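This report covers a few selected residues of one protein chain. Please look over the sequence and the model first.

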Amino acid sequence: MTALPRPVQEEGDGDEQQNGRRSFGAVLITVPDGPGSGLPASSSDGIAAALLDHAGAAGSDDDALMEAEDGRPRPLGESFSLWRATVAVFALAALAVAGYVCLYSGGSGGTGATWRLLEAREEEGEGRGGRRSFLLPLHPKPRRSGGDGRDGAARNLTAASPPTGIVFPTGLYYTTVSIGNPPRDYFLDVDTGSDLTWVQCDTPCRSCAKGAHPAYRPAQSNIVLASDPLCDRVQRNPNECNYDINYADRSSSMGAYVRDNMQLTSEDSERDNIDIVFGCGYDQRGILLDTLENTDGILGLGSRAISLPTQLASRGIISNVFGHCMTTDSSGGGYLFLGDDYIPRWGMTWVPVLNGPADNIRRSQLQHVNHGDQQLNVQGKLTQVIFDSGSTYTYFPHEAYTNLVAALKSASPRFVQDDSDNTLPFCMKVDFSVRSVDDLQHFFKPLSLQFEKRFFFSRTFNIRPEDYLTISDKGNVCLRVFDGTAIGFDSVIIIGDAFLRGKLIAYDNDEDQIGWIDSDCTDPSKQSRIPFFLRRVFRNQLV
């Protein structure tokens, strides 16, 4: 609403000014008297005429006002503001009424047609031709001597040869999978850096560890023939498809493909029996034999056809998406999901994946590696990143690693390198008692992996000091980052599972991207496809 200007006092009105009479002001809203009545014209003359008809009883002040309007017309913008405001109010009111009727009227229970349509679209999206999602628990592996889950593998890994397409199978987390008919439970290491899922197999077994459960024993009908489409290598025996995997830590597994039921739990807690091709490992070598004292095999989550997610997606059971979420507490667990129903629709940071043509490992392009504000890699030199839940530790290129060690040495004079501590390659003695890594966050800065910006928005993966540092049995502070050149990774960063804690990590093979978001990883929840702000409004109104 717009207030009209004060009347202009002409000569001869001085007695009115002396008597202190108030100047006249008015606010006008005109409503037509009936059908065919026209609204006042959008001009100063029309407003003045309407004011004369409706406010004639105001006395001499009205005459002064009319004289002011006739003599000094208002600016064009002021003459339109009243009309526009009136139309806007009526239009918004009409839209609000129509929206309320559309959303909340009709149907059973008072649910509106639009809400029912949105729910139907969401259910249709969930169906997506029968696609669903599965949820598996993640458990931390029992700690062995050496503190903080170190089992000696870290020292051996630094002397490993270059990888042959598979990264590391010795992670800190495992899940439970039921295989066979009747189903039997097996503990499998979760490994995003390899493709084949396999369990120790008694056919008989040439070289196997004790394992957490008795070895799997297949029937003759379970053996996969060499002619099967999933058998992607030349076979000498047409009656079976053999495999031979060599990991980057020089451990290996050899066996044959089998097909059997795998029992998976869907988001509605129903158990589905699905035929899956996996490896029956009868000959394990290297560090794997130590790892398999507590588990029975490896759950391969790579992107090739033989991987579990790709097998499920190729049959339309899930979207070719999976992910995991590990709690920040190293003694806690987390969860693994197959399918896209547990990925948040908002707040995720996504980076594109470049699958290597030779090794088929998911790689993302990185621009900067920083310790606080200090850049660790060469300016302008791009580095690739591999997220590998099957690796306990993280590996940096030589230059970034040496710069990080130098930054830690200069962080505080209270930390001095201790070469006598062989727990990890770089350890520091401190002049005070350290009870946990939480006591170190005030001395050291976080690591940040900075990817290429998207629409001027930064995409950064942050690693807390509590995650990249650990405490040895001697009470020293040790770095959980290794020099990658010792294992053949000179321009690649491998992010191990200890650095993935406190984040939901999603691997989207359909869109070739990896995403993450901070999470406490304690409550997996199925995500709605209706935007959260609309869903909240609708639900509040209906309740």
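Leaving aside neighbours within four places in sequence, which residues is L225 in contact with? In this predicted model, L225 is in contact with C231, P238, N239, E240 and C241 once those neighbours are set aside. L225 sits in the loop that runs between strand 4 (198-200) and strand 5 (242-246). L225 and N237, twelve residues apart in sequence, have C-alpha atoms 8.7 Å apart in space.

Two other positions carry an annotation. An unreviewed UniProt entry lists D191 and D388 under "active site". The two span 198 residues in sequence, but no two of their C-alpha atoms are more than 6.7 Å apart, so they gather at one spot.

D191 belongs to strand 3 (residues 184-191). The side chain of D191 makes a polar contact, at 2.6 Å, with the side chain of S194. D388 is found in the loop between strand 15 (383-387) and strand 16 (394-396).

Are the two annotated residues buried or exposed? D191 has 0% relative accessibility and therefore counts as buried, as the cut-off for buried is under 20%. D388 is buried too, with a relative accessible area of 0%.

The accessibility values are listed below.

| Residue | Relative accessible area | Class |
|---|---|---|
| D191 | 0% | buried |
| D388 | 0% | buried |

Key
Residues numbered from 1 in each chain as written. Predicted model: local features only at pLDDT ≥ 70, side-chain atom pairs only at ≥ 80, totals over all residues. Heavy atoms only, no water. UniProt positions renumbered as here; feature names shortened; annotations may be inferred. Helix = DSSP H or I, 4+ residues; strand = E, 2+ residues; numbered from the N terminus. Buried < 20%, exposed > 50% of the residue type's maximum accessible area, 1.4 Å probe, protein only. Polar contact = N/O pair within 3.5 Å; in protein donor to acceptor, adjacent residues only side chain to side chain. Contact = heavy atoms within 4.5 Å.
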